[in-house]
Structures are given as structure tokens and as C-alpha cells.
Amino acid sequence: MSCPICGGESQKSYRPFCSKRCADIDLGKWLNGAYSVPSQEPEDIENALEVAERIRAQDGKPHQTRH
């Protein structure tokens, strides 16, 4: 089996990866949403649009801090 990140030979201790570095790169992709699967559920789409609108409305405005 080859490493899904670099194509090198996978190592038993890091399977399916060849090294800790490639395993960490893969984890970073998961955490950053690079492996996300788009939802077709209407509720999810509506929620995503609301979040995008809030972010767009906040652009250029100073961020408020809570006291």
C-alpha cells in the first residue's frame, strides 16, 4: 500500500501513511475542512447561507469583545 499523501511506501506504525509528517498533513486537511462532503439537505444549506451572510456583514467592522 502506498502513502495517500506522498505516494511513498506505507510504514506499519503509521499505516496507511509513510511517516508522522504525512499523517499530520492528512490530519490538518481534515481539521481545515479539505475533506468535507457537501450536504444536499435544505436545512444545512440554509444554515450555511446564514453563516456566510453573518461573516460578510462583519467584514470591515471592528470585532466586538465581551466583557
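**Figure 1. Arg-21 in helix α1 of the predicted model.** Arg-21 is found in helix α1, and the structure shown is a predicted model. With a relative accessible area of 60%, Arg-21 is exposed, because residues with over 50% relative accessible area are classed in this way. Arg-21 and Ile-5 stand 16 residues apart in sequence, and their C-alpha atoms are separated by 9.6 Å in space.

**Figure 2. Asp-26, a buried acidic residue of helix α1.** Asp-26 also belongs to helix α1. Although Asp-26 is buried, it has no salt bridge. The nearest side chain of opposite charge is that of Lys-29, at 6.3 Å; a salt bridge would require a side-chain nitrogen of Lys or Arg within 4 Å of a carboxyl oxygen. When neighbours within four places in sequence are left aside, the residues in contact with Asp-26 are Ile-5, Phe-17 and Tyr-35.

**Figure 3. A nonpolar surface patch containing Trp-30.** Leu-27, Trp-30 and Leu-31 together form a nonpolar patch on the surface. The accessible area of these three residues amounts to about 380 Å². Trp-30 lies in helix α1, which covers residues 20-31. Trp-30 counts as exposed because its relative accessibility is 53%, and the cut-off for this class is over 50%.

**Figure 4. Helix α1 and the residue that follows it.** Helix α1 comprises twelve residues. From its first C-alpha to its last, α1 reaches 16 Å, close to the 16 Å expected at 1.5 Å a residue. Just after α1, Gly-33 adopts a positive phi of about 85°. Most residues other than glycine have a negative phi.

**Figure 5. The cis peptide bond before Pro-16.** Pro-16 is found in the segment before α1. The peptide bond from Arg-15 to Pro-16 is cis, and its omega is near 10°. Most peptide bonds, by contrast, are trans.

**Figure 6. The protein chain as the setting for the close-up views.** The protein chain contains two helices and zero strands. Of its 67 residues, 9% are buried. The chain exposes about 6200 Å², of which carbon and sulfur atoms supply 53%. Among contacts between residues at least 6 apart in sequence, 6% join residues at least 24 apart.

How values were computed
Residues numbered from 1 in each chain as written. Predicted model: local features only at pLDDT ≥ 70, side-chain atom pairs only at ≥ 80, totals over all residues. Heavy atoms only, no water. Patch = residues over 30% accessible without salt bridge, like charges linked within 9 Å, V, L, I, M, F, W, Y side chains within 5 Å. Areas by Shrake-Rupley, 256 points an atom, 1.4 Å probe, with all protein chains shown as cover. Helix = DSSP H or I, 4+ residues; strand = E, 2+ residues; numbered from the N terminus. Buried < 20%, exposed > 50% of the residue type's maximum accessible area, 1.4 Å probe, protein only. Lys, Arg positive; Asp, Glu negative; His and termini not counted. Contact = heavy atoms within 4.5 Å. Expected span 1.5 Å × (residues − 1).
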